[in-house]
Amino acid sequence: MTAVIIIRNGRIIDPINDSDGTGEIWISGNRIVSPGSVDAGDAIRYDAAGSWVVPGLIDMHVHLREPGEEYKETIASGTRAAAAGGFTAVACMPNTRPVNDNGSITTFIRKTAETCPARVYPVGAVSKGSRGEELAEYAEMKEAGIVAVTDDGHPVMNSQMMRRALEYAGSHGLPVISHSEDAALSRNGCMHEGFVSTRLGLRGIPAAAESIMVYREIALAELTGCRMHLAHVSTAASVDLIRRAKERGVPVTAETAPHYFTLTDEAVRGYNTNAKMNPPLRSEADRRVIIEALGDGTFDAIATDHAPHSVLEKDIEFDLAANGIIGLETAVPLTLALVRSGRLTERRLVELLSVNPARILGVPGGTLAVGATADLTVINPTISFVYTEEAVLSKSHNSPFLGQTLTGKAVLTICDGRVGHDELQAR
Amino acid sequence: MTELQAHVFKHRHIFGLEQMSREDIEFIIATARSFKEISNRSIKKVPTLRGKTVVNLFLEPSTRTRLSFEIAAKRMSADTFNIASSTSSTTKGETIIDTARNIEAMNPDVIVLRHSSSGAPYLLARHVACPVINAGDGTHEHPSQGLLDIMTILEHKGSLQGLKIAIVGDISHSRVAGSDIIGFTRLGAEVWLAGPATFIPYGVESTGARIAATVEDAVTGADVVMALRIQKERQQDPLIPSLREYAIRYGINRRRLERAKDDVLVMHPGPINRGVEMSPDVADGTWSVILDQVTNGVAVRMALLYLVIGSGKDNQEPGEG
Ligand SMILES: [Zn+2]
């Protein structure tokens, strides 16, 4: 049986087709079809008046914790959170236990994700065990379904290893995703180095710990001509390096996360472990530059770095607490705040959250063109809600935004022609 | 005591001097002064805190501060329990919260916490019903030490207003400096910091302190010179090449001290590495008030214990943090 879904009256924003206007989207099976081209007799109809219909959002940087730390998140719970946040696809980082450094783990993730409400694209490890010593088997993992490689969570400190990773990944058509951090410079640091860290007596991580590595990655991408994607960029100096590298035509792309354009290191005051992440929340000056770089195209993508941790890792001493916050269910409202303040156009939002992640990872999606796979998200940009612990679909609740009133959210998420999240309600 | 009673001390927990107003600090010290006399009696004990239970939870080794809190509690007839253990990031298994729950079973009236993690008192206070006094957390604050330093200066100078106070040494890793800088500046002193740049934390000027180019600049015309302890055991981070070079370039010796005012006070939070932070003749010289600091430590801690548990107030604010 091929279900037909019709979404009417929404503002359709589809940058690839250069379209932005009110219209109808028809879905038949798992494809977008032209309106009227199929029998609409018992179609499921949505009225999306006042909302935007956009290509399914793709979060290219999440941690799903399965296998190994299922008490924090599973592939099932993570994809439920993804769908609720408007994401039809996520790319999951390999720092599970065991690390996704071989085809069988990749296959396990793909298989587990088959029945989930969002697509899951595994990312393989750069090195075996993410130990930075030997290359992992990219060809086997690629065959099993990885879309990129990274040792995310750990920087690849050995420059020769990173060079070889780029070259070898390049020959298999895979981008390398860099967690850019000079581990010696950041060692034992637990927040941004600045006057707040001094005041709190917490060891700081200087902004340079990131930008030094960002520069190395750019130099290696330039040397090898292979594609390098820079994850969770947080500092003004990194932005400057990326901007200039792109001007020279170096094959680098970059993402930042909603927390870096929303919060600063001030959020750590009171030793709030829900504001502890790596890279850490930076200064107001960094935050401003990050916002600018989203608007001017220096950044290609917004990714959440969704990093679930239970209270066991978070309700402890700040310096011992785990790094990371969840982000799948807050990314849309936090990004919309930039649209409301005029820093981002609607079109740019869609490029950052859908079009470009699809392009960088080489996966389907990113468009609402007829014939495209039926991954789409309906966003109500004006609806307000209180983000509460009870409403969180992720298994973990480590978010600095809990208790806040957020504006704008995904009200309908359709992945592969199936409704994964629905607050719009068919009528 | 009329002046004392006029001030309402509203802090349930003692986390640091950052939360305290100038009036709070003056009030604590005035209270400490009234307790100091007890230590000079032949029977050094008053019944003020009889029946109260003080738990000294020292999760990082410290003999001096623990002893000082213990003496303070005993002089006021409180029952004290000392719990000590060493924590490290590898012993994550038993968390501070587990420990707190066990201590709760003893029904303490106050927990005095020493911990290697900055901010640990805030965490503890969220999980226990009684007040928490910070006896030093990581590299954040050591409020009772800051207060005893202020008390010692006040005894000799009458006021901190307009004084030039030089703090020399490892500011970055000193919780004493954390409290001193805030307390001294809040009471109107001009605080100058000196040491190699590896010892000066980022953005410390935001606290109101100034950074001197040299130790000589910091010490010149100073009313108080405070040297901080150099932690010999810090090795993973190359902060100074050798204690020898440090002693020569930054140690407080007689020659450097001559640049200070004639009635300069020399202070040190102890224990001193003699010949490193300070030459022996300076440490034991007539300027030195290091032993007054120790005496005042007991009085300040008596005052803190009294103010958080003994004064019978019910105007307590909810836990911060
Ligand atoms: Zn990372």
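Reply: A pocket is an open set of grid points with protein on both sides within 12 Å along at least five of seven lines, and a residue belongs to its lining if it has an atom within 4 Å of a point. The model is predicted. By that rule the second largest pocket has 39 lining residues. Those nearest its centre are A:Asn95, A:Gly153, A:His154, A:His309 and A:Asn323.

Me: What volume does the second largest pocket have, and what makes up its lining in nonpolar, polar and charged residues?

Reply: The volume is about 910 Å³. The lining of this pocket divides into eleven nonpolar, 16 polar and twelve charged residues.

Me: How do you know that chain A and chain B are in contact?

Reply: Contact requires heavy atoms within 4.5 Å. Between these chains, 19 residues of chain A are in contact with 31 residues of chain B. The area buried between chain A and chain B is about 2000 Å², and carbon and sulfur atoms give 49% of it. Of the area that chain A buries against chain B, 33% comes from A:Arg199, A:Tyr271 and A:Glu317, more than from any other three residues.

Me: Why is the pairing of B:Glu18 with A:Arg199 called a salt bridge?

Reply: The closest N and O atoms of B:Glu18 and A:Arg199 are 3.1 Å apart. The limit is 4 Å between a side-chain nitrogen of Lys or Arg and a carboxyl oxygen of Asp or Glu, so this pair qualifies as a salt bridge. The rule finds one salt bridge across the interface of chain A and chain B. The side of chain A that touches chain B has seven nonpolar, five polar and seven charged residues.

Me: What makes A:Glu167 and A:Arg164 a salt bridge, and where do these residues lie?

Reply: Their closest N and O atoms are 2.8 Å apart. That is within the 4 Å limit, so the name applies. A:Glu167 and A:Arg164 lie in helix H4 of chain A, three residues apart, about one turn of the helix. Over all chains the structure holds 38 salt bridges.

Me: Which residues does a cis peptide bond join in chain A, and what is noted about the phi of A:Asn9?

Reply: Most residues other than glycine have a negative phi, and most peptide bonds are trans. In chain A, a cis peptide bond joins A:Glu66 and A:Pro67, with omega about 5°. A:Pro67 lies in the loop between strand E6 and helix H1. A:Asn9 is not a glycine, yet has a positive phi of about 70°; its place is in strand E1 of chain A.

Technical notes: Residues numbered from 1 in each chain as written. Chains lettered and ligands numbered in written order. Predicted model: local features only at pLDDT ≥ 70, side-chain atom pairs only at ≥ 80, totals over all residues. Heavy atoms only, no water. 1 Å grid on protein atoms, 1.4 Å probe; cavity = no way out; pocket = protein on both sides within 12 Å on 5 of 7 lines; lining within 4 Å. Points joined across faces, edges and corners; volume = space filled by probe spheres on them. Nonpolar A, V, L, I, M, F, W, Y, C, P; charged D, E, K, R; others polar. Buried area = accessible area lost by both parts, 1.4 Å probe. Helix = DSSP H or I, 4+ residues; strand = E, 2+ residues; numbered from the N terminus.
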